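I opened my notebook to look this structure up piece by piece. I wrote down each question, then what I found.

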Amino acid sequence: MAFCVPMTDQSVIGLTCHLEKPAKYDIKKVVKQALEGSLKVILGFAEHQVVSPHFNGEAQSFTFDAGAGIALDDHFANKMGYNNRVVYIMGHMVSMD
């Protein structure tokens, strides 16, 4: 799953993927290596907390926000259980009215 939030002069893109094999969350190291190669012209890297105004006038096409990434485990994949809890909570909220 990916999403894109358009803004007047920038956008936010998020990516969620399910891997066939377990993997370490070492994406930061991989992105830093890419910055040393041919991607340094288009890819930025932010380790400090950033908000949209930080990217105004940015020369790179993309900035990797090192603090925004998380690794999910298999426990998070129980979508049916999550959906059931949402329906339950919505029903509870309606009954409180």
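**Entry 1: confidence**

Which element of the protein chain has the lowest mean pLDDT, and which the highest? I looked this up before anything else, as the model is predicted. Strand 1 (residues 2-6) has the lowest mean pLDDT, 58. Strand 3 has the highest, 87. I then checked the whole chain. The average pLDDT is 78. I also noted that 85% of the residues score at least 70.

**Entry 2: layout**

How many helices and strands does the protein chain have? I found two helices and four strands. Reading along the sequence, I wrote the pattern down as β-β-α-β-β-α.

Next I looked at cover. The protein chain has 97 residues, and 11% of them are buried. Its accessible surface is about 8,600 Å². Carbon and sulfur atoms hold 61% of that surface.

I also looked up contacts across the sequence.

**Entry 3: helix 2**

I followed helix 2 from residue 79 to residue 95, which is 17 residues. From first C-alpha to last, helix 2 reaches 24 Å. That is close to the 24 Å expected at 1.5 Å a residue. How many of its 17 residues are buried? I found one, so I noted helix 2 as hardly covered, given that buried means under 20% relative accessible area.

**Entry 4: the aromatic pair**

I searched for aromatic pairs and found one in the structure. Phenylalanine 45 and phenylalanine 64 form it, and the pair is stacked. The centres are 5.6 Å apart, with 20 degrees between the planes. Why does the pair tie together separate parts of the chain? Phenylalanine 45 lies in strand 3 (residues 43-46) and phenylalanine 64 in strand 4 (residues 62-65), so the pair links parts 19 residues apart in sequence.

**Entry 5: the core**

Which residues make up the largest nonpolar core? I listed five: Val31, Leu35, Leu43, Phe64 and Ala66. Nonpolar side chains tend to be buried together in soluble globular proteins.

Leucine 43 is in contact with Val31, Ala34, Leu35, Gln60, Phe62 and Phe64. Phenylalanine 64 is in contact with Ile27, Lys28, Val31, Leu43, Gly44, Phe45 and Ala46. I also took one distance for phenylalanine 64. Isoleucine 13 is 51 residues away from phenylalanine 64 in sequence, and their C-alpha atoms are 10.0 Å apart.

Where is phenylalanine 62 found? I placed it in strand 4. Phenylalanine 62 is partly exposed, at 46% relative accessibility. Beyond its neighbours within four places in sequence, phenylalanine 62 is in contact with Ile42, Leu43 and Gly44. Phenylalanine 62 and isoleucine 42 are 20 residues apart in sequence, but 6.2 Å apart from C-alpha to C-alpha.

Phenylalanine 55 came last. I found it in the loop between strand 3 and strand 4. Phenylalanine 55 is partly exposed too, with 25% relative accessibility. What does phenylalanine 55 touch, not counting residues up to four places away in sequence? I noted Gln10, Val50 and Thr63. Glutamine 10 is 45 residues from phenylalanine 55 in sequence, and 7.6 Å from C-alpha to C-alpha.

Definitions and conventions: Residues are numbered from 1 along each chain as its sequence is written. This is a predicted model: local features need pLDDT of at least 70, side-chain atom pairs count only at pLDDT 80 or more; totals for chains, interfaces and linings use all residues. Side-chain values use heavy atoms; hydrogens and water are left out. Rings of Phe, Tyr and Trp (its six-membered ring) pair if their centres lie within 6.5 Å; planes under 30 degrees apart count as stacked, over 60 as edge-to-face and the rest as tilted. A nonpolar core is a set of buried Ala, Val, Leu, Ile, Met, Phe, Trp, Tyr and Cys residues joined through side-chain atoms within 4.5 Å. Buried means under 20% relative accessible area, exposed over 50%, partly exposed in between (1.4 Å probe, protein chains only). Contact means heavy atoms within 4.5 Å. Accessible areas come from the Shrake-Rupley method with a 1.4 Å probe; for residues, only the protein chains shown count as cover. The expected span of a helix is 1.5 Å times one less than its number of residues. pLDDT is the predictor's confidence in each residue, from 0 to 100.
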